[in-house]
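Hi,

Here is the structure I promised to pass on.

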Amino acid sequence: DAFYGQALARDPNFAEAAAELARNRLSRHWFVAPLAPAELQEVKSLIDRALALAPNSPEAHFALGLFFYWGHRQYENALAEFNRTLELQPNSALARVACALVYRRRGEWERSLADFQRAQELAPRDARIPRNIGNTYQALRLWKDAERAELRALAIDPHDAPAAAYLL
């Protein structure tokens, strides 16, 4: 938070810093403690500022997707923004994972697994992706597939722990 705030203090037109500050605050909202409605509105203002400065910023669109997902559980709006991120940055494994996680939340298992597989192609050394594939297979009670994905995650990073998976 502090570094993005400092960057914005030095350059109020630094769109990516505003987007990343919003993303950081949304992460705290989702993983640590919920933000108050007024704080969520401040986050939205940061994202609006980033988009006004750089309408085609993949970081700003990704932050807006997280705002809809983590802030309000508005999955359709979140997917629209994650897909916009992918239009602007087609090789974004992170945006692909975000789509996969939204689809998984909605019970769209095949779409979720397809996006996870694509993310894995884009970031083959990210152990969190096969870990999430394993989590998805576990939810489907496909134990052999889950085990295979978990073993791949461990092969990539033997120190990886289940808590290290994306918990979007």
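Let me start with Glu81, which is buried at a relative accessible area of 15%. For the cut-offs, buried means under 20% relative accessible area, exposed means over 50%, and partly exposed is in between (1.4 Å probe, protein chains only). Before going on, a word on the source: this is a predicted model, where local features need pLDDT of at least 70 and side-chain atom pairs count only at pLDDT 80 or more, while totals for chains, interfaces and linings use all residues. Residues are numbered from 1 along each chain as its sequence is written, and side-chain values use heavy atoms, with hydrogens and water left out.

Back to Glu81, which sits in helix H5. Helices here are DSSP runs of H or I with at least four residues (strands would be E, at least two), numbered from the N terminus. If you skip the neighbours within four places in sequence, Glu81 is in contact with His61, Leu64, Gly65 and Phe68, where contact means heavy atoms within 4.5 Å.

H5 covers residues 75-88, 14 residues in total, and runs 20 Å from its first C-alpha to its last, close to the 20 Å expected at 1.5 Å a residue. That expected span is 1.5 Å times one less than the number of residues. Which residues of H5 are buried? They are Tyr75, Ala78, Leu79, Glu81, Phe82, Thr85 and Leu86. These cover an arc of only 165° around the axis, which puts them on the same side of H5; the arc is taken over the directions from the helix axis to the C-beta atoms. Glu76 and Glu87 are exposed on the other side of H5. For Glu76 the relative accessible area is 53%. Glu76 and Tyr103 are 27 residues apart in sequence, and their C-alpha atoms are 9.9 Å apart in space.

**H4 against H5**

What covers the buried residues of H5? Helix H4 (58-72) and helix H6 (93-105) are included in the cover. In H4, 13 of the 15 residues are buried, so this helix is largely enclosed by the rest of the structure. The end C-alpha atoms of H4 are 20 Å apart, which agrees with the 21 Å that its 15 residues should span at 1.5 Å a residue.

Two packed helices are described by the angle between their axes and the distance between the axes. For H4 and H5 the angle is about 165° and the axes are 7 Å apart. The axes are lines fitted to C-alpha atoms, for helices over the stretch in contact, with angles from 0 to 180 degrees between N-to-C directions. That makes H4 roughly antiparallel to H5 (over 145 degrees; under 35 is roughly parallel, 65 to 115 roughly perpendicular and the rest oblique). The crossing of H4 and H5 is left-handed, meaning that the near helix is turned anticlockwise from the far one by less than a right angle, whereas clockwise would be right-handed. Residues making the contact include His61, Leu64, Gly65 and Phe68 of H4, and Ala78, Glu81, Phe82 and Thr85 of H5.

H7 (residues 109-122) has 14 residues and a reach of 20 Å from first C-alpha to last, close to the expected 20 Å. Its buried residues are Ser112, Leu113, Asp115, Phe116, Ala119 and Gln120. Seen down the axis of H7, they fall within an arc of 165°, so they line one face of the helix. The face turned away from that buried side carries the exposed residues Glu110 and Glu121. The buried residues of H7 pack against H6, helix H8 (128-139) and helix H9 (143-156).

The axes of H7 and H8 cross at roughly 160° and come within 9 Å. H7 and H8 are therefore roughly antiparallel to each other, and their crossing is left-handed. Among the residues in that contact are Trp109, Leu113 and Phe116 of H7, and Ile129, Ile133 and Tyr137 of H8.

**Two loop arginines**

Arg73, in the loop between H4 and H5, has a phi near 55°, a positive value in a residue other than glycine. Arg73 is partly exposed, at a relative accessible area of 48%. Arg141 lies in the loop between H8 and H9, and its phi is positive, near 60°. At 60% relative accessibility, Arg141 counts as exposed.

Cheers
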